Amino acid sequence: MIKLSTLFSSFFYLLPLYIFVVAPLLRQLFPSDFASSSALDFDSTDHDPDVTLDESVLSLDDGVEVTCPPEAEQYRVHLLARDPLVIYIENFVSGEEADEIVEMSKTNYTPSILYNGSASIVDPSRRLSDRALLPRTPAIRCLEARARAFQGWRPNLYIERMWAQRYNASGHYTHHYDWAGSVARGGDRASTFMVYLGAECTGGGTNFPRLRKPRDTRWCEFIECDESGYNEVAGEEGQEGGEKKGTRREGITFKPIKGNAIFWENLRADGSGYPETWHAAEPVTEGTKFGLNIWSWYQAPRRRV
């Protein structure tokens, strides 16, 4: 007869084997099965009445209709990667829209914060910039609609209230994720648009050290390339990134170009985050960079029994 202690010992030894070996292998062999039991449910109704949504954080539908200029929708897209999905967008905002957003944000800037557990802190060594919460003017509502339409109007996905970002000389944001791994606790940031509103600066690129550089040199219009046309960058990651400071590695650094944007998905279908979305705002060495974060919040619906 097998002892109870032996069963418990076997369970604790086999559990890591399942998590780190068997489960990833099954995900590769049977992706449709995992997708069907996905933590991200985009098939239910657009609003779950059992979930309370915070309008100070999310841009909820309040019945206000706006007429958006058709020329603002004339952007071009370039597919960079499929897994995770990364798309580069030319002219996602027009020059007039960018100038209007920068102007409305000027009197509303405060130091950018970091979240440390349940508390928010200001740490210039990790994030040195200013941010401004944007009012939901017609221009901002048009941009909210554009961001939702770009993603197919998926249910349970909401555009967060938008924040403009200002990076003066030495402004930066060290490598980090936009996702928190909190889908199981209610919701998480499913996707990100990083929009450049103004780029009268040197430096200030957006670095993704874990994305594979494209081989086509036409990408050098949008990303930093070396003399041969390839893109190779150096940067810093902390202990979370698993690399020593100062090591040279391949990756992608997007140039700040006014009106253009980078879109990427933060979460897999099972709700886990993509490690490839580890990214940073590199230091501005001269001038000022203005940016806009458009985050899409996935709010998990309540499971009914």
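# A guided reading of the predicted model

At 0% relative accessibility, S191 counts as buried, a word that stands for under 20% relative accessible area, with exposed meaning over 50% and partly exposed the range in between (1.4 Å probe, protein chains only). The model is predicted, so local features need pLDDT of at least 70 and side-chain atom pairs count only at pLDDT 80 or more, while totals for chains, interfaces and linings use all residues. Residues are numbered from 1 along each chain as its sequence is written, and side-chain values use heavy atoms, with hydrogens and water left out.

S191 belongs to strand β11 (residues 187-203). Strands (E, at least two residues) and helices (H or I, at least four) are DSSP runs, numbered from the N terminus. The side chain of S191 makes a polar contact of 2.6 Å with the side chain of Q151. A polar contact is a pair of N or O atoms within 3.5 Å; within protein, one atom must be able to donate a hydrogen and the other to accept it, and residues adjacent in sequence count only if both atoms are side-chain atoms. Leaving aside residues up to four places away in sequence, S191 touches several residues, among them Q151, F263, W264 and W295; contact here means heavy atoms within 4.5 Å.

Helix α4 (residues 138-150) comes next. This helix has 13 residues and reaches 18 Å from its first C-alpha to its last, close to the 18 Å expected at 1.5 Å a residue; the expected span is 1.5 Å times one less than the number of residues. Its buried residues include I140, L143, A147 and F150. Just after α4, G152 takes a positive phi of about 85°.

F150 also takes part in an aromatic pair with Y75, which is tilted, at 6.0 Å centre to centre and 50° between the planes. Rings of Phe, Tyr and Trp (its six-membered ring) pair if their centres lie within 6.5 Å; planes under 30 degrees apart count as stacked, over 60 as edge-to-face and the rest as tilted. Because Y75 lies in the loop between α2 (31-36) and β1 (76-82) and F150 in α4, the pair ties together parts that are 75 residues apart in sequence. Y75 is partly exposed, with a relative accessible area of 24%. The whole structure holds 15 aromatic pairs, and ring pairs link Y88, F208, W219, F222, F254 and W264 into a cluster.

Strand β1 is joined to strand β2 (residues 85-90) by six bridges, and the two run antiparallel; strands pair if DSSP finds at least two bridges between them. L79 stands opposite I87 in β2, and a hairpin of two residues connects β1 to β2.

Strand β7 (residues 130-133) has two antiparallel bridges to β3 (residues 110-111) and four to β9 (residues 163-167), also in the antiparallel sense. R131 of β7 is the bridge partner of T110, while R166 of β9 is that of D130. R131 lies over the face of W163, at 3.7 Å from the ring centre, and R166 over the face of Y109, at 4.2 Å. A charge sits over a ring if NZ of Lys or CZ of Arg is within 6 Å of the ring centre and within 35 degrees of the ring normal.

Finally, H176 is found in strand β10 (residues 172-176) and is buried, with a relative accessible area of 12%. A polar atom of the H176 side chain lies 2.8 Å from the backbone oxygen of T174.
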